[in-house]
Amino acid sequence: MTPTAPPVQRPAVVVHLFLRAAHAIEPGRPEHAELLRWWRAGEALGMVDPVAPWPSAFPVFDPADRPRVPRPVAARQRRAPGAYAVLLVSAYFDVLAVSVLLAPNDDAVPWEEIARSWTTALGAGPAAGTACLGTADLLLGTLPGPVATAPDPQALTQPLVGPVTSVPGTSPPGHGPPDRWARADPARVADDAPGGGFLVWEPTVASPYGAARHRRLLALGTRTDEAALSRWAWQGALPGAAPATLLLLHSARLRDQTALLTRELPALDRLADDVERACDRAQEALAEVVSRAGPAARLAEAEAALAALGVSAGAGRALTAMAGLRQVWEAAERNLGEHGAPGSRSLTDADRPAVAWAREQSAVTQARLDGAARRAAECTQHLTSATERVRQDRRDHLSLVQTSLIGGLLTALAAIQSLQYQVRLPGPVRPALIAFLACAALVLPVLFLPRGDAVRRRFHGRRVDGLLCAAAGAATGWLLSAVLWSALHWRPAAAATLVAATLGALLAFCARAWTLRR
């Protein structure tokens, strides 16, 4: 035989929406559209009258202003005799909470009808989690008999399984089987109330990883505890947010952080894998270069690959979530201890396994990232040292080549002078040869620079580098033109010499630019 539902007196419904404050006030964001949708739903239900002393216009505030205590930024109500319909928007740190109280104070209006009036006004919208941190609804009411002091509190809710599960929510509530919910142990809140306090059940089945973004609470008390129940669930005209609002706000923030961390942890794992692979390639390059089995250019490639590894957007979000999860949990514990009613803390038990799991995963991932970072730093240091040694060897070799060329040229000139040997050159060839040798002495050190140093030199002194190469090309063209004209026993024309020098300068400049860009 199905037990008869007890007569719930003065049923009321409180619904909450929690948004990121910085996104909620920015037009074009999904959070802003969701805030506007809730605001217009309140207007559709007649909530257009101001609630002194708070503003009644659509919320506008500075997101950089993060109040350390909940602060109302907008409020509206519908004035009706004996009934309450209030929409309140509060800012708290980086969260914007939209709370709606629907209390007709009519025993004949059940929870289902109250909630349906709100969901009808709200209309269709995005699924839970796509534009908010979380949603929640509270079903409030009083019973004629004892509640907190009842010998079997679970028996009070057994007849209410049907009425509670049939209440439409602002997002998919995800209720579990009725028998599972009916056996849930209630939290005893406000033990110092006249009737011994009231009891709070949670019919929502919490996800093991904190992904359920909607919560539903059922709070029942006696008529003598109605004032305490109202203060806990709505706070009335008192300053600050109600303990239930703080509880649900922190829970939504925790579940959002945990879900974000769960979703983005693979990005950190991929980053650690990329670092490990880059370090393996760097060690292979070091071994090949040391054994002379590979080109030295592999060192620069491995060093560039390590330097190119950066934190992706997903990894950045995961690192932020890892840093913020502990702070959010500590803030939740602190605020519930300071502002929550006795017994409220037990309602965070559903979030503790998810937070513990997230902390464990964060610690493992952080340790792996720290190890990868240390190995990357060591590999980078070894690569830098090896690359510098290779470059120094190359500079020494090039210095030897330059010294040999210049020394050989000076020795030849000294021998020519000492032996009084005369090279019979045509008159037009002599100035061209002198210009060619002078330009060669200027350009040789630049041409023999390593390619990386040449690129950096060209970046910092492109004009000087181009002028040197163009001058060497012009001298080469002049020399070739003079030799050719002298071989033909003709005197070179000035126009022909100018054309040859110009062509040589252009060819040398283009060849140098092409060499540096390879």
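A residue is termed buried when its relative accessible area is under 20%, exposed when over 50%, and partly exposed in between (1.4 Å probe, protein chains only). At 6% relative accessibility, Cys-132 therefore counts as buried. Cys-279 is buried as well, with a relative accessible area of 0%. The structure holds 0 disulfides, a disulfide being a pair of cysteine sulfur atoms within 2.5 Å.

The model is predicted, and local features need pLDDT of at least 70, side-chain atom pairs count only at pLDDT 80 or more, and totals for chains, interfaces and linings use all residues. Residues are numbered from 1 along each chain as its sequence is written, and side-chain values use heavy atoms, with hydrogens and water left out.

The protein comprises 15 helices and 9 strands, taken as DSSP runs (helices H or I, at least four residues; strands E, at least two) numbered from the N terminus. Of its 518 residues, 42% are buried. Among contacts (heavy atoms within 4.5 Å) with a separation of 6 or more, 73% involve residues 24 or more positions apart.

Helix α3 spans residues 111-122. Its 12 residues reach 17 Å from the first C-alpha to the last, close to the expected 16 Å (1.5 Å times one less than the number of residues). Trp-111, Ile-114, Ala-115, Trp-118 and Leu-122 are buried in α3. Viewed down the helix axis, the buried residues of α3 fall within an arc of 90°, so they line one face; the arc is that of the directions from the axis to the C-beta atoms. Just after α3, Gly-123 adopts a positive phi of about 75°.
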